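Hello,

Here is the structure I promised to pass on to you. Have a look at it first, and then read on for what turned up when I went through it.

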Amino acid sequence: MEPLLSVTDLKAYYRTEAYGVSRTVRAVDGVSFDLYPNEIYGLAGESSCGKTTLIKVISGNIKNPLRVVDGQVRFTAPGIDRDLATMTTDELRKTMRWKRISYVMQGSMSVLNPVRRIVHTFADIVATHRGLRDRAAFRKEMSDHLARLGLPSEVLRSFPHQLSGGMRQRVAIALATIFQPNLIIADEPTTALDVVVQRGVLQLLKQIQADSGNTVLLVTHDMAVHANVADRVMIMYAGRIMEEGLTETIFQAPRHPYTKHLIGSLPKIGERTARQGLPGSPPNLSDPPAGCRFHPRCPAAMDVCRTVVPETLHLVNRHRVACHAVALEEGLPVPEPDLTAAGGGAADPNRTEDLR
Ligand SMILES: Nc1ncnc2c1ncn2[C@@H]1O[C@H](COP(=O)(O)OP(=O)(O)OP(=O)(O)O)[C@@H](O)[C@H]1O
C-alpha cells in the first residue's frame with residue numbers, strides 16, 4: 001500500500017538571534033517515517049524532543065524562526081501528490097487545511113470562539129472552505145454529522161463555556177472531521193482531561209478512524225494513551241527517531257534503552273514503591289551531544305555511542321531502531337569509535353550544515 005504521508009530525512013531548525021549571537025536549534029534532525037491510510041500512528045517522547053516542531057511542518061505551520069532545512073513531506077491521496085515542505089502557507093491553507101489535513105489540539109478553546117455559539121464556528125469553517133448557501137441544509141448536515149459521532153445537536157446552540165472540557169474536545173473533533181480529511185493530527189488531545197473523560201474522547205477518535213478509514217497522527221508524551229489507541233508508535237528523542245514499531249512490539253519487546261525507560265516508568269497496578277526516573281534531562285538542541293543523542297543518559301552506552309550516530313536497523317515486523325547496543329545484540333557490525341570526534345558533537349554530520 002502506498003503511504004499517505006512520507007517524511008524523508010526531514011530537518012527543521014529554529015534560527016534565533018539574541019544579543020548579536022545566532023543559535024540554531026536542531027529540533028527535527030533527519031527524521032524519516034511513513035503514515036499509511038487506515039491507521040492510528042502514535043508519536044511519543046518527552047518534552048522538547050521535537051514532536052510539536054514535526055507537526056508544525058506537517059500541518060504547514062512553518063513561521064520564523066522555524067525553517068525546513070532539508071527533506072521532503074510527501075502527501076499522496078486521490079487527486080493529490082505534493083511535497084508539503086515546498087508549498088506556501090497560503091496554498092496549504094487553501095488546499096490542505098481542514099479538507100485534507102485537520103488538527104485537534106490540547107484544550108479546544110483555541111479553535112472554538114469563546115464569544116460565539118458553536119454553530120457559528122462550524123458555519124465559518126464551512127463558509128471559508130466549501131461555501132455556504134442554504135442555512136437550513138447546513139444545520140441539518142451539521143446535526144447529522146454530530147449524531148454520527150454520538151453528540152447531541154443542542155451543542156450547536158451552546159457557547160463553548162457552557163460545555164464540559166470533554167464535550168468541548170468532542171466538538172473540536174467533530175469540527176476537524178466535517179470534510180472527512182485524509183489525515184487528522186491530534187496533538188495531546190486528552191492531556192487536560194481527567195482519566196474517565198479521556199477514555200471517552202479517545203474512544204471517539206478511534207471510532208471515527210475505524211469508520212472513515214483515514215489516518216490519525218496521535219501526538220502525546222503519555223505512553224498509556226499510545227498503548228490503548230495506536231496501531232504503531234514512533235519514539236523520538238532530541239530531534240531524532242529512536243525506535244518505531246507495532247504497538248504490541250514497542251510495549252512487549254522494546255529494544256532501545258530510551259523506549260525501555262519510557263515503558264518502565266509507566267505505573268503498574270498494585271505497585272507501592274516509587275519508580276526510578278532516568279537521570280539527566282534531554283539535551284540542548286543548539287549544541288546536541290555527538291554520536292547517539294541519548295548516550296549521556298543511556299545505561300547501555302559504549303564508546304562508539306559517544307562519537308558515531310547509530311544507523312537505523314530494520315528488524316522483523318516493521319520494527320526500526322537506532323542503537324549500537326541493539327546492533328551488537330543482533331550480531332551486526334558496529335563501527336569503531338570515531339577518535340577524531342572532539343566532544344560537543346563534532347562527529348555529528350549535521351553540525352557543520354547551515355540553513356539553506
Ligand atoms: N520558537 C522557538 N524558537 C527556538 N527554539 C524553539 C522554538 N520552539 C521550540 N524550540 C525548541 O525546539 C526543541 C523541540 O521543541 P518542541 O516544542 O518541538 O518539542 P516537543 O517534543 O513538542 O515538546 P513539548 O511537549 O514540551 O511541546 C526544543 O529544544 C525547544 O526549546
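**The eight-stranded sheet**

Eight strands make up an open sheet of mixed pairing, in the order E6-E7-E8-E3-E9-E10-E12-E11. Its edges are strand E6 (101-105) and E11, and each has a single partner strand, so one side of each is left without a neighbour in the sheet. On average, neighbouring strands here are turned by 20° against each other, direction ignored. Please keep in mind throughout that this is a predicted model.

What about the surroundings of strand E10 (residues 240-246)? Six of its seven residues are buried, so E10 is largely enclosed by the rest of the structure. E10 also pairs with strand E12 (residues 319-321), in the antiparallel sense and over two bridges. Glutamate 243 turns up again in this pairing, where it stands opposite valine 321 in E12.

E12 in turn pairs with E11 in the antiparallel sense, over three bridges. Here histidine 314 has arginine 320 in E12 as its bridge partner. Asparagine 317 is exposed, with 9 other C-beta atoms within 10 Å.

**Helices against the sheet**

H1 lies across E3, strand E7 (183-187), strand E8 (215-219) and E9, and runs at about 150° to E7. Helix H9 (residues 257-264) has Pro257, Tyr258, Thr259 and Leu262 as its buried residues. These buried residues pack against strand E3 (39-44), E9 and E10, and also against helix H7 (223-229), helix H8 (247-252) and helix H11 (324-329).

**The four-stranded sheet**

There is also an open sheet of four strands, with antiparallel pairing and the order E2-E1-E4-E5. E2 and strand E5 (80-83) are at its edges with a single partner strand each, so one side of each is left without a neighbour in the sheet.

E1 and strand E4 (residues 66-77) run antiparallel and are joined by eight bridges. Alanine 12, for example, stands opposite valine 68 in E4.

Tyrosine 19, in the loop between E1 and E2, has a positive phi of about 50° although it is not a glycine. Is tyrosine 19 buried or exposed? It is exposed, with 4 other C-beta atoms within 10 Å. The other detail is a cis peptide bond between asparagine 64 and proline 65, with omega at about 5°. Proline 65 lies in the loop between H1 and E4. As a reminder of why I point these out, most residues other than glycine have a negative phi, and most peptide bonds are trans.

**Around the ligand**

Which residues come closest to the ligand? They are Tyr14, Ala27, Ser47, Thr52 and Thr53, out of 15 residues that surround it. Strand E1 (5-18), strand E2 (21-35) and helix H1 (51-58) are the elements that give two or more residues to this shell. H1 gives the most, with three residues. By class, the shell has eight polar, six nonpolar and one charged residues.

**The protein as a whole**

To finish with the overall picture, the protein has eleven helices and twelve strands. Its radius of gyration is 22 Å, close to the 21 Å that the globule rule gives for 356 residues, so the protein is as compact as a globular protein of that length. Along the principal axes, its C-alpha atoms fill a box of roughly 70 × 55 × 45 Å. Of the 356 residues, 38% count as buried. Among contacts with a separation of 6 or more, 67% are between residues 24 or more positions apart.

Notes:
Residues are numbered from 1 along each chain as its sequence is written. This is a predicted model: local features need pLDDT of at least 70, side-chain atom pairs count only at pLDDT 80 or more; totals for chains, interfaces and linings use all residues. A residue is near a molecule or strand if its C-beta atom, placed from the backbone, lies within 6 Å of it. Ala, Val, Leu, Ile, Met, Phe, Trp, Tyr, Cys and Pro count as nonpolar, Asp, Glu, Lys and Arg as charged, and the others, Gly among them, as polar. Two strands pair if DSSP finds at least two bridges between them. A residue is buried if 20 or more other C-beta atoms lie within 10 Å of its own, exposed if 12 or fewer, and partly exposed in between; C-beta atoms are placed from the backbone. The radius of gyration is taken over C-alpha atoms; the globule rule is 2.2 Å times the number of residues to the power 0.38. Two residues are in contact if their C-beta atoms, placed from the backbone, lie within 7 Å. Axes are lines fitted to C-alpha atoms, for helices over the stretch in contact, and angles run from 0 to 180 degrees between N-to-C directions.
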